[in-house]
Amino acid sequence: SDELQRRFVHWSADLVRSVSGQLRYGVEQAEALELIDSEAVNLRYALRAPSGEASDAIDIAHALVWSSAMRAGNDDSIRVAEERLIELGGPLTDRYVEARLGVALSDTVGERRSGHGVEGLVEMAEAVGSTRLIALARGIEALGRSENLDESLAMVHEAQATSDDRWLDGVLHIIEANLVGYVEGVGAAVAAAEAAVEDLEAVNDRWRTATALSILGTLRQMSGDYEAADRTQRQVLGIADEMGLAYDGFLARVQMANTASLRGDHERAIQLANEALRTAGTLGGGARANGLNTLGRVSNAMGRFDDARAAHTEALRIYTGLDAFAGIAHSLDNLGLVSSRSGDPEAGARRHLQALEINAEKGDPLSVAFSLEGFALALAMRDQGDDAARLLGAANAQRAGLGLELPAGERRYVDAASGLARESTSDFERSYDEGAETDWRVLVASVREI
């Protein structure tokens, strides 16, 4: 193990030297180094793999190093990293491809990033001739290319139809849980996540069980079942701490902070958010930005507007550097809410419009609903009651399409917007119903001149 870790460090340093000239900004080079360091945590887990084969651990190390370069760099850096790893590792092996696919799954689950990092996975699996890995690669590609949800789900279902492997069934159910809610509603997503937990527990894959539980906890939180969400997230944290899974532990703390805040326990939420941020330092910029947005949301709920604005501004800077559209839009919406709640609805409206421009092209229905609700609050504060009511109706239609009602803990901003809108419109219900039946893009276009 010591020798493998020593070799891993040398590979990492050599790879960073090879790739650093291809990275676009100094901050990317710094993040590449930080990410390489963080992969040592994952390598320590890989070295405890039950096979006991040193070659397996080396293959996993290769995949993890490649993953770091992929997350931090542009297309040129990915190409250089891939060439360097082939040179270091020799021909592709089943174990190497499986490790690469595992990394791609971890990077893609929950992010749905327009296919970045999923190109070539099917071809790689086909090169080693493994039917099992080909099915897994197709499932990951479906998740990474999820702009067309019906097509992506069809790809996953095709992969499931060829599977006679309980572990593969579990992983494909993880992927299905990330997609099916947008088509068939949150109940179908919960069912897929529960099936994933059952399959992966049956084959004693604790790592992927933690992934499935994390998704299940998020879905339960979205459904407003905060007690069940907290219980599930505690299970994730227990597995992560037991196995040394740094990112899973970080994400569990973030989700527990969100749940605590939605339940009104803001002091506990602040504590958990700060714990998450302390563990994010070795996990790269994306993790830190996620933790900062969590801290900012809790601070905003507590009326600590300066703290909230600082956290969300830094999160936006990081996500912009990473070109992570979902994070950029969410940070803008969070900043919009801070601006409105602190007395500047004009700035709030501008932020929400920026987020909606991103979501119009790439956003999912829940992100659109969050943007519309924030925009409605800003407009209601400007006495544009009819416009605000229409946007609230459109937001509710987005949630209803997922089979979701607005959870009680998230209702405070919508209630505030509704109350203010009623003061400046003669027929709130008529405008609300009109908004529910109108394409939200049309509504936004009608009020974008602010």
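Start with helix H15, residues 285–301. Helices here are DSSP runs of H or I, at least four residues long, and strands are runs of E, at least two long, numbered from the N terminus. H15 has 17 residues, and at 1.5 Å a residue these should span 24 Å. The expected span is 1.5 Å times one less than the number of residues. The end C-alpha atoms of H15 are 24 Å apart, so the two values agree.

A word on the ground rules. This is a predicted model: local features need pLDDT of at least 70, side-chain atom pairs count only at pLDDT 80 or more, and totals for chains, interfaces and linings use all residues. Residues are numbered from 1 along each chain as its sequence is written, and side-chain values use heavy atoms, with hydrogens and water left out.

Back to H15. How many of its 17 residues are buried? The count is 13, so H15 is mostly covered. Buried means under 20% relative accessible area, exposed means over 50%, and partly exposed is in between, with a 1.4 Å probe and protein chains only. Just after H15 comes Gly303, with a positive phi of about 80 degrees.

Now helix H12, residues 226–243. Its 18 residues should span 26 Å at 1.5 Å a residue, and its end C-alpha atoms are 26 Å apart, which agrees. Buried residues in H12 include Tyr226, Leu237, Ile239 and Met243. Gly244 follows H12, and its phi is positive too, near 70 degrees.

Those two were glycines. What about other residues? Most residues other than glycine have a negative phi. Asn204 is not a glycine, yet its phi is positive, about 60 degrees. Asn204 lies in the loop between helix H10 (186–202) and helix H11 (206–222). Is Asn204 buried or exposed? It counts as exposed, because its relative accessibility is 60%. Asp383 is also not a glycine, and it has a positive phi of about 65 degrees. Look for Asp383 in the loop between helix H19 (365–381) and helix H20 (385–401). Asp383 counts as exposed because its relative accessibility is 58%.

One more loop. Asp164 lies between helix H8 (149–161) and helix H9 (166–184). With a relative accessible area of 76%, Asp164 is exposed. Arg132 is 32 residues away from Asp164 along the chain, but their C-alpha atoms are separated by 8.7 Å.

Zoom out. The protein chain has 23 helices and zero strands. Of its 450 residues, 55% are buried. Take the contacts between residues at least 6 apart in sequence: 67% of them join residues at least 24 apart. Contact means heavy atoms within 4.5 Å. The accessible surface of the chain is about 18700 Å², and 47% of that belongs to carbon and sulfur atoms. Those areas come from the Shrake-Rupley method with a 1.4 Å probe; for residues, only the protein chains shown count as cover.

Next, the inside. A nonpolar core is a set of buried Ala, Val, Leu, Ile, Met, Phe, Trp, Tyr and Cys residues joined through side-chain atoms within 4.5 Å. The largest one has 76 residues, and those touching the most other members are Leu101, Leu136, Ile140, Ile175, Leu179 and Leu219. Which helix gives the largest share of this core? H9 does, with nine residues. Zoom in on Ile175: leaving out residues up to four places away in sequence, it touches Leu105, Gly139, Ile140, Leu143 and Val156. There is a second, separate core of 29 residues, and Leu337, Ala349, Ala378 and Leu391 are among them.

Arg253 sits in H13 and is buried, because its relative accessible area is 15%. Beyond its neighbours within four places in sequence, Arg253 contacts Leu237, Asp241, Leu272, Glu275 and Ala276. Not counting residues up to four places away, Ser261 touches His266, Ala269, Val298, Ala301 and Arg412.

Last stop: charges over rings. The rule asks for NZ of Lys or CZ of Arg within 6 Å of the ring centre and within 35 degrees of the ring normal. Arg422 lies over the face of Phe428, 4.1 Å from the ring centre. The charged end of Arg208 sits over the ring of Trp207, at 5.2 Å from its centre.
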